[in-house]
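Please have a look at the sequence and the model first.

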Amino acid sequence: MDTSTLILIGLVTVVLIPWSLWKWSDHRKNKLGQTLHRDIAALGDDVVPISLHPEVKLETCIGSGACTRACPEHEVLMLVDGHAKLVNPLSCVGHGECLRACPVGAISLVFGTATRGVELPRVNTNFETSQQGIYIVGELGGMGLIRNAIEQGRQAAMAIIKAGRRSVVADYDAIVVGAGPAGISASLALISHGMRIQIVEQGLYGGTIRHYPRAKIVMSGNLDFPGYGKVRRQTMSKEDLVELWDDIRERMQFPVREGEKIERIAKTDAGWAVSSAGWNSTAPNVILALGRRGAPRELGIPGEELNKVHYRVIEPEPFADKHVLIIGGGNAAADCAIALADAGASKSISISYRKQEFMRMRLSVRQRLMTLIEGGQVNAYLGTEPVSIAETTVTLKGNKGEFALVNDAVIVQIGGTLPNDLLRSVGIELVEKFAEA
Ligand SMILES: Cc1cc2nc3c(=O)[nH]c(=O)nc-3n(C[C@H](O)[C@H](O)[C@H](O)COP(=O)(O)OP(=O)(O)OC[C@H]3O[C@@H](n4cnc5c(N)ncnc54)[C@H](O)[C@@H]3O)c2cc1C
Ligand code: SF4
């Protein structure tokens with residue numbers, strides 16, 4: 001082989017093959033981005049990220065792709081026809097790495113969209129609301145991320161300590177509502193300054209993190225917990241983080257009441273009276289660290305109190321060997337059905353939806369669900385509503401009357417309620433943001 005042939009082979013191996021592979025992968029990503037973008041567009045105005053998220057100025061974007069590479073989440077931002085697009089807004093958690101990575105400043109972080117506003121509580125620099133003594137920290141204030149929640153919780157607690165607002169007539173010096181990162185950090189700061197506190201949580205101690213998918217790698221950044229210490233790790237698994245929360249709880253002897261959903265906060269002579277259905281206490285300071293995921297909406301039918309009724313699915317294992325009924329017609333309901341079908345261990349999977357067609361779900365999710373229904377892996381009861389739940393059955397009502405299904409587990413996926421009504425009832429001022437910072 002002569003030298004020029006060898007140079008040609010070298011060129012093809014070193015330059016042409018990697019270049020073609022790169023172009024092919026770019027083309028594939030662009031196609032995927034187009035599909036995801038169309039998919040989201042089909043849902044229209046319904047898709048509003050819950051916290052700060054990127055808005056891309058198309059006229060400035062040069063399509064460098066720096067933001068898509070910098071984003072730590074999966075397929076949230078993608079290049080579509082040469083421009084960055086937010087193809088999966090609901091998975092954006094507001095890291096802001098995209099903004100920092102963009103070389104031409106085409107990205108800004110905003111709340112809400114141009115057509116759908118997001119209502120946020122107005123707070124001062126100490127996170128105190130328009131009601132003296134009530135503070136809002138963490139994602140409920142609009143700012144996502146664990147480290148922001150921890151820092152805001154600490155700052156609000158320090159403001160309470162500085163203000164010296166304590167009471168001899170109230171049950172506690174402060175009540176912290178919500179045991180996610182913001183509530184945990186606020187509680188740590190208050191306890192380490194000798195404040196008498198109570199933490200109340202509607203679900204389980206730990207907050208949204210408890211509901212992350214198994215083994216999710218969490219971009220936590222360095223975390224600084226008042227009175228507990230620093231955690232110097234950029235990332236950790238969901239399980240490591242849950243272990244850390246549990247260690248904090250044990251070492252600091254946190255007074256947590258789990259399973260108490262706060263429904264009312266009212267002014268009294270002893271400060272603020274904070275109440276759930278079965279609990280009531282007073283304090284001059286209240287820290288609301290409720291997050292923005294809301295409380296799961298309930299069906300309000302007989303039998304809903306049974307242990308077999310679930311509102312979240314983290315893993316499919318508990319539903320193995322069971323006849324499962326999913327109630328709802330959105331993405332969350334479909335995702336549950338798909339996850340259980342993929343696991344392949346349930347005795348039967350059924351889905352009941354009050355409308356005649358699945359309309360409120362992303363195109364790709366709908367297609368996957370329809371394939372499972374057509375293949376007989378999921379039974380669809382369209383145009384039906386649950387009437388009552390018993391130990392071994394669920395009664396549904398359709399246009400031909402009532403009928404019972406054999407059932408071991410019910411998963412309710414009919415959305416959630418944001419705590420804005422609670423905030424309004426206390427007189428906390430809210431502002432609506434339309435694609436603004
Ligand atoms: C899938 C996913 C991945 C994420 N990945 C990351 C990541 O890698 N890095 C990162 O920094 N952030 C990530 N986030 C965002 C992060 O989880 C949140 O920003 C953070 O948990 C907010 O903390 P918080 O304390 O404000 O609220 P939450 O963690 O949501 O906690 C609020 C708590 O309040 C409770 N509560 C609500 N209402 C009431 C009531 N009325 N009465 C009593 N209790 C109530 C809730 O049950 C909940 O436990 C992710 C989010 C999701 C969903
Ligand atoms: S804000 Fe974060 S999650 Fe959202 S697109 Fe940017 S880097 Fe990704």
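This is a predicted model: local features need pLDDT of at least 70, side-chain atom pairs count only at pLDDT 80 or more; totals for chains, interfaces and linings use all residues.

**Strand β26 and its neighbours**

Let me begin with a pairing, in which Val-309 has Val-410 in β26 as its bridge partner. Residues are numbered from 1 along each chain as its sequence is written, chains are lettered from A and ligands numbered from 1 in the order in which they are written, and side-chain values use heavy atoms, with hydrogens and water left out.

Strand β19 (residues 309–310) runs parallel to β26 and is joined to it by two bridges; two strands pair here if DSSP finds at least two bridges between them. Strand β20 (residues 323–327) also runs parallel to β26, with four bridges joining the two, and there Ile-327 stands opposite Val-412. Within β26 (residues 409–412), Ala-409 and Ile-411 point one way and Val-410 and Val-412 the other, and all are buried, where buried means under 20% relative accessible area, exposed over 50% and partly exposed in between, with a 1.4 Å probe and protein chains only.

Stepping back, the protein has nine helices and 28 strands, taken as DSSP runs (H or I, at least four residues, for helices; E, at least two, for strands) and numbered from the N terminus. Of its 437 residues, 46% count as buried, and along its principal axes the C-alpha trace spans about 95 × 60 × 40 Å.

Now to the ligands. Which residues are closest to ligand 1? Of the 29 that surround it, they are Glu-139, Leu-145, Glu-201, Thr-208 and Tyr-212, where a surrounding residue has a heavy atom within 4 Å. Why does ligand 1 lie between domain 1 and domain 2? Domain 1 (3–110) and domain 2 (119–294 + 419–433) both give residues to its shell, so it lies between them; the domain bounds come from an automatic or database assignment.

As for polar contacts, meaning pairs of N or O atoms within 3.5 Å, an oxygen atom of ligand 1 is 2.8 Å from a polar backbone atom of Leu-145, and a nitrogen atom of ligand 1 is 2.9 Å from one of Ile-262.

Finally, 13 residues surround ligand 2, and the closest are Cys-71, Cys-92, His-95, Gly-96 and Cys-98.

Key: A polar contact is a pair of N or O atoms within 3.5 Å; within protein, one must be able to donate a hydrogen and the other to accept it, and residues adjacent in sequence count only if both atoms are side-chain atoms.
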